[in-house]
Amino acid sequence: MKRIISWIVVLCITIAVSAVLFVTGKQHKVMLINGKQGETAPARVLYIVDGENAEKPKSVRANKKGVVFVKGSNHVITIKYKDESGENKEITKKFKAQLSKDAVINFAGMIEDRNDWITYTEKEKEAPLEE
């Protein structure tokens, strides 16, 4: 009986560790949008996700999109832009990547401090290969 209980405990621990590794090691797609049609957006927004490329941030022009792939669940995004008066501004926000969903970050929503600055969409299913 002790042997069966010990095997059940080992199996449960293995499944738990596997689930944690699956969630934290999975690559997530984050779509970055610098203003939608009809929204006012800065001419250029520099962004850094999780401190990567901190010495040379990437940029997105007004009404354009960018894509970043991140691993894990907890992330930090920092954006830098010039407001209407020409003053440099910087905003840092934390977000979570959800399992089997893509994140869509709207820079105009971040700048205006709206609650819908990040939304989640279902991942697109990959089409099966035809022979």
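My entries on both follow.

**Ground rules.** I'm working on a predicted model, where local features need pLDDT of at least 70, side-chain atom pairs count only at pLDDT 80 or more, and totals for chains, interfaces and linings use all residues. I number residues from 1 along each chain as its sequence is written, and side-chain values use heavy atoms, with hydrogens and water left out.

**Entry 1: H28.** I found H28 in strand β1, residues 27-33 (strands are DSSP E runs of at least two residues, numbered from the N terminus). Buried or exposed? H28 counts as buried because its relative accessibility is 2% (the cut-off is under 20% relative accessible area, with a 1.4 Å probe and protein chains only). Beyond four places in sequence, I listed the contacts of H28, among them V23, V68, F69, L99 and K123 (heavy atoms within 4.5 Å).

**Entry 2: the sheet.** I traced an open, antiparallel sheet of 4 strands in the order β3-β2-β5-β6. Its edge strands, β3 (58-61) and β6 (88-96), each pair on one side only (pairing takes at least two DSSP bridges). The twist from one strand to the next averages 25°.

**Entry 3: β2.** Strand β2 (residues 44-49) is joined to β5 (residues 74-82) by 4 bridges, and Y47 stands opposite I79 there. With β3, I also got 4 bridges, antiparallel; V45 stands opposite V60.

Key. Buried means under 20% relative accessible area, exposed over 50%, partly exposed in between (1.4 Å probe, protein chains only). Axes are lines fitted to C-alpha atoms, for helices over the stretch in contact, and angles run from 0 to 180 degrees between N-to-C directions.
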